[in-house]
Amino acid sequence: MRKERILIIDDDPDIRDVLNLSLSEHYTIFEACNGKEGLEMVKAKNPDLIITDYNMPIMNGPEFCRQLRRDILFRHLPVIMLTGKSETKDMVVGIESGSDDYLVKPFEPETLLARIRMILARTIRALDANPLTHLPGNSSIMEEFQTHIESGKPFAVGYADLDKFKVFNDKYGFEHGDDIIRALARVIIDATQKYCGNDAFVGHIGGDDFIFICADDKADVISQFIIDTFDKLIPEYYNEEDRAAGFITGVDRQGNAVKAGLVSVSIGIVSNVNQKISHVAQIGELGAELKKYAKAIGKSNFQRDQRKG
C-alpha cells in the first residue's frame, strides 16, 4: 500500500528531526529548510500534505502558502502551519494565506498525527482530483462542459493523450511513465495560462488522457504550444542510447513486436463555433473521434473538427 508523502518545511533541523521521527513510521517524509526550497520540493516530490513553519528565512510560511495557492497544479495540497507564537493575529495571517490547519509549538506528536489523518481524509473526500496530478477529475470536467454549453459562448475543448506510451512504460517502468504524465500536465497548464490566464480549465480524465477548455480562438495556439514544448521535453526521459536512436523496441497491445519512436502527444479539438453542441456526451464522442484521427498520424499533432452543422 502506498504511503502518503509529507513535506516538512522548517529552518530548525531539530524540529525537522522530531517531525521525521514522529511521522516516518506512517508516512514518506521529505524535508526543506525554507519556503523557497519547499516550493521546489513540491514540484519535485509531489507530496500529499505539507507541514510548514511560520517564521523562516528567505521565504516564510505565509508567503509559501500564497505562492503555492497560485499554482493550479498544487493549490489543493493541504497545509498545516506550525509556529512558536500563540497570538491570534499570527493564526489569522496563517489561515488567510492559505493554510488548512494550525498548531502551536510545542505540540504532542499524537495531536499532529490526528490532525494529519483528519485533513488527508477530508481532502480525499472533498477533492474530485486525479491522485497523480491533482488536476480536477471527471465530475468537475462534466460540470465545466455543461457550464460552457449553457453559456452559449464560443468555446473549444482539447482532448490530449500520449502516443507510444505503452512501449515506454514496458521498458522504463510505470514510475517513469508517471513522470511523463505529470510533465504533460505541467505543459498543458503552462500553455493555457500563457494564452488564457485563469480563464481556461484543465482536467485529467485519467491515465494519460487530459482535456482543456478555452476560448475557441485560443485552442490552436495552445495546442501548438503543447506540441512544441512536449516534443522538446520528451527526449530527457530516455537514456542516452535510446535518445540517440530515436526509438525503442517492444510489443503493442496485441502482442506484436514494434519499433516505437519517442512518446508524442495527440490533440483533438472540439468546438461549438461551426456546429451546435447541445449535450455533454456529444463533446466526448467528437473528441474521441478526432483524437483517434490525430493518433493515426504517428507524431505530435492536433486535429480540429472542420465539419459544419
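I began with Arg115, which is partly exposed at a relative accessible area of 27%; here buried means under 20% relative accessible area, exposed over 50% and partly exposed in between, with a 1.4 Å probe and protein chains only.

I noted that this is a predicted model, in which local features need pLDDT of at least 70 and side-chain atom pairs count only at pLDDT 80 or more, while totals for chains, interfaces and linings use all residues. Residues are numbered from 1 along each chain as its sequence is written, and side-chain values use heavy atoms, with hydrogens and water left out.

I then looked up the partner of Arg115 and found a salt bridge with Asp101, the closest N and O atoms being 3.0 Å apart (a salt bridge is a side-chain nitrogen of Lys or Arg within 4 Å of a carboxyl oxygen of Asp or Glu). Asp101 lies in strand β5 (residues 101–104) and Arg115 in helix α5 (residues 109–126), so this pair ties together parts 14 residues apart in sequence; helices (H or I, at least four residues) and strands (E, at least two) are DSSP runs, numbered from the N terminus.

Next I turned to Asp161, which counts as buried at 7% relative accessibility and forms a salt bridge with Lys295, the closest N and O atoms being 3.2 Å apart. Because Asp161 is in strand β6 and Lys295 in helix α11, the pair ties together parts that are 134 residues apart in sequence. I also recorded that Asp161, Asp163, Asp209, Lys291 and Lys295 are linked in a network of salt bridges.
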